[in-house]
Amino acid sequence: MTFDDVLPYLVALGRCVFAVVFVMQILPLLIWAERKGAAYIQDRPGPNRAHVMGIRAAGLVHTLNDVVKLIMKEDIVPGHVEKRYWAAAPVIAMSVALCTFIVVPFGDNFMGYQLKVSDIDGGLLFVLAATGMGVYGVMLAGWASNNKFSLLGGLRASAQMVSYELSMGLSAVVVFLIAGSVSLSAIAEMQAGAIWNWTVFTPMGFIAFVLFWTAAFAETNRTPFDLPEGEAELVGGYHTEYSSLRFALFFMAEYANMIVASSVTATLFFGGYNLPFVTPAQLREHADWVLMAAALAAPTFVYFAYEANKRKQRPFYQALPAGDARLKEPMVFVGLWLGAAVAHVGIGIAGALGLASKLSLNFISFGYLESTAVFGPDLVTAIVGITVLAAKILFGCWFFIWVRWTVPRFRYDQLMDLGWKRMLPLALGNVMFAAIWVAFFPTGLISTLFGSK
Amino acid sequence: MFEAVLFYVFSLVAMMSGVGVVTMRNPIASALSLVVCFFFLAADYVLLDAHFVAVIQILVYAGAIMVLFIFVIMLLNLRHGDQLTFEDIGRRSIVGMGTAGLLAVGLFTALGQLPVVLPAQIPADYGTIAYIGKALFEGPYLLPFETVSALLTVAVVGAVVLAKKEI
């Protein structure tokens, strides 16, 4: 068995690990962003106490504290629950949330390997199917907890998710019609190049986006659709009886679902891994320029460092006694931003020297992995793709947080009204409209009128 | 080889959970074993290159229909007190076995009519959505497909008429 035989399996394993790690790395960041966002929107301090050696790192340490706390807490199993199903529910919720991520592409390809976990023919249908399976986690939790409030929460969640799945699926159909494919890779590829190739900039694409995004809020049980855990009515809803890591799994599943919803929306409507006006082929060709452009970010970081330095003048730091570890905080931030600036200048110099176009696999592996393909441009393209998609995902997640702290909760009949009587007819009409539109402008309005792609 | 092992493992789990559907005492457990059964059937479909059928199996059966089943069971709150007695099971097993026998006869007749010789060349896009779409909307199955859709509409209208007191 040679290395080349094992390589496909290693690649498959690497892709799986990457997908899981990608979600799990954004999770703590999101929990931090949720708290900070809440604090900004509601005009209060937010997390600002936990620290490492006196450095509070803008509240980031709180997330670490949370993880330790949730692991160390006693795992209470109430006497009246249906144990097996009760224990299975959080696991189902979390694993389904992670599974959904496997069809999202991070780039067109890297050294001939596709940059996503699996290329199943179903594509987006798989996402819809997996989201459907997510109902079981919530439902089982509600039922197995064996109390009325949890059961009501579980029932609400499942009814709501089943109702909004329809509008979600029909909005996705519009994107299928425009792209002529259900594969997320093909949909992202179609949106490469000019920004008006993005699905959201077509009339039916825009309506589909609004419907899809609204349905995504309902599917992830986020405000204003968080009735399953409406604390004023249902204590904690379906996760009332859970504590310790089991509760953490539900908590993480909610955030993982947000990430998945944002990534699918970004891929369907906002060009996925594509930068506007730059195709992956152009990125490959001009990989050195991309590196040089990274140096342009350096002045921004220097400015951030300057701003961080001004924190010293804040009354808070003025009032601290001499020798307090927190006095070092502004300097730590300055150091971090300056380090980022230096790193970007370094990347820019590497680009100016033309290193990206010379970097090959033979060189990296000391000649062990022989390949004629050039490694550098592919690497740059992949990193740009992942960064762009991550930026879009983070913006989507921020939108979730923004809405949560701005909009109050729906009443249950309003929620059902919106789902069945407004969104569903609109989604159905939109599908008809999209079909007619695609029949008249098969390559898009602007391309059909001006004859350019 | 690897695929064969996977096929037997998936089929075994599917059959075991299928047996679980009728032997489990808790109604929720029965319904959940049916979900597991659907899930592993879908895995078998994937091994047979029928990705679309697999995804639809999960999307429609496991994701929508079984959710409604479990929903109803939860609302009715069937618990251990509602277990069937032995007499009930004895009487119902006759009906069940009769139905199973009919189904077996039907299946074997259908299998006997299958072309045993597989086509030498399986088309490259076999099992893809495009292939199934062409077969359903352009190929020989257009009429049966559209008839089924009309039948479903009739069923929906019938359900609404039966369920609604006043329309």
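**Exercise 1.** How many residues does the contact take from chain B, and how many from chain A?

*Solution.* Bear in mind that this is a predicted model. Begin with the two sides: the contact draws 15 residues from chain B and 17 residues from chain A. Next, find the element that contributes most on the side of chain B that touches chain A, which is helix 3 (residues 51-76) of chain B, with 12 residues.

**Exercise 2.** Describe how helix 5 (residues 148-179) and helix 18 (residues 412-440) of chain A pack against each other.

*Solution.* Start from the geometry: the axes of helix 5 of chain A and helix 18 of chain A are 9 Å apart, and the angle between the helices is about 15°. Because angles under 35 degrees count as roughly parallel, helix 5 of chain A is roughly parallel to helix 18 of chain A. Then consider the handedness, for helix 5 of chain A passes helix 18 of chain A in a left-handed crossing. The residues of this helix contact comprise 19 nonpolar, 6 polar and 1 charged.

**Exercise 3.** Characterise the overall build of chain A, from its secondary structure to its domains.

*Solution.* Counting elements first, chain A has 19 helices and 0 strands. Its radius of gyration is 24 Å, close to the 22 Å that the globule rule gives for 453 residues, so chain A is as compact as a globular protein of that length. Along the principal axes, the C-alpha atoms of chain A fill a box of roughly 75 × 65 × 55 Å. The domain assignment then gives domain 1 (76-277 + 384-450) and domain 2 (287-358) of chain A, and the C-alpha centres of these two domains lie 36 Å apart.

Definitions and conventions:
Residues numbered from 1 in each chain as written. Chains lettered and ligands numbered in written order. Predicted model: local features only at pLDDT ≥ 70, side-chain atom pairs only at ≥ 80, totals over all residues. Contact = placed C-beta atoms within 7 Å. Helix = DSSP H or I, 4+ residues; strand = E, 2+ residues; numbered from the N terminus. Axes fitted to C-alpha atoms, helices over the stretch in contact; angles between N-to-C directions. Parallel < 35°, antiparallel > 145°, perpendicular 65-115°, else oblique. Left-handed = near helix turned anticlockwise from the far one by under 90°. Nonpolar A, V, L, I, M, F, W, Y, C, P; charged D, E, K, R; others polar. Domains from an automatic or database assignment. Rg over C-alpha atoms; globule rule 2.2 N^0.38 Å.
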